[in-house]
Amino acid sequence: MSSYIEMFRQLTRVFLVAALVSPAFTLAGCASRYTPSPYTSGQDQPRNPERARMLHRRATTVLDENPELAERLLREALAADIYHGPSHNNLGILLLARDELYAAANEFQWARKLMPGHPDPRVNLALTLERAGQTNEAIAAYDSALAVWDKYLPALQGKTRLQVSTGELDNTTHEALQAIAFRGDDAWRAWANLQLSRDRGFSERTQQ
């Protein structure tokens, strides 16, 4: 579990913000196991945003070392305020670490609507769709993150890696690899430089 959490912590950041509304979401072709959220029947209860923020802060401190406690705290936070976007996002990360793709996608879709100015839930949704084998939908989700935050590195890295792995290159791929080679950490820079060095005609081929 810790390796999954570390991967998502490297790709995402936690934002302590809340927003307004959220629709339901379905993910065709994903794992069928779904753990019902304890807040689904309590949407008419009075909201307590301050308690939700407090519980969320506690959950983020134990997200790595005690994911079970973190999940309980996040669900309590959402019971206090179902519209707390960061709690949806981090609950989705925990669910995705367990390969509960349907439930994770549902949480990321909540977070995406509740945090419209932040790309992280969109990146997480893209990762979920990618793991479910929905390549086109994943790329669209990465693009939506980049639309919210132009050249956002986790989204740029995720989209470009997926394009390279599937051979679905376009006229943005070469420029994205150059950006990753310049802005990424050591591992990402090495990966991007390797892709760029494999074919000297890469730029011309992808820009045609």
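**Exercise 1.** Against which helices do the buried residues of α7 pack?

*Solution.* Keep in mind that you are looking at a predicted model. Start with the residues of α7 that are buried, that is, under 20% relative accessible area. These are A138, I139, A141, Y142, A145 and L146. Because they cover an arc of only 155° around the axis, they lie on the same side of α7. Next, look for their partners: the buried residues of α7 pack against α6 (120-131) and α8 (153-166).

**Exercise 2.** Which exposed residues sit on the face of α7 turned away from its buried side?

*Solution.* Turn to the opposite face of the helix. There you will find N136 and A147, both exposed.

**Exercise 3.** What span should helix α7 have, and how far apart are its end C-alpha atoms?

*Solution.* Helix α7 covers residues 135-148, which makes 14 residues.

**Exercise 4.** How many helices and strands does the protein have, and what percentage of its residues count as buried?

*Solution.* First count the elements: there are eleven helices and zero strands. Then turn to burial: 50% of the 208 residues count as buried. As for the surface, the protein exposes about 10,200 Å², with carbon and sulfur atoms supplying 51% of that area. Finally, among contacts with a separation of 6 or more, 64% join residues 24 or more positions apart.

Methods. Residues numbered from 1 in each chain as written. Predicted model: local features only at pLDDT ≥ 70, side-chain atom pairs only at ≥ 80, totals over all residues. Heavy atoms only, no water. Helix = DSSP H or I, 4+ residues; strand = E, 2+ residues; numbered from the N terminus. Buried < 20%, exposed > 50% of the residue type's maximum accessible area, 1.4 Å probe, protein only. Contact = heavy atoms within 4.5 Å. Areas by Shrake-Rupley, 256 points an atom, 1.4 Å probe, with all protein chains shown as cover. Expected span 1.5 Å × (residues − 1). Arc of directions from axis to C-beta.
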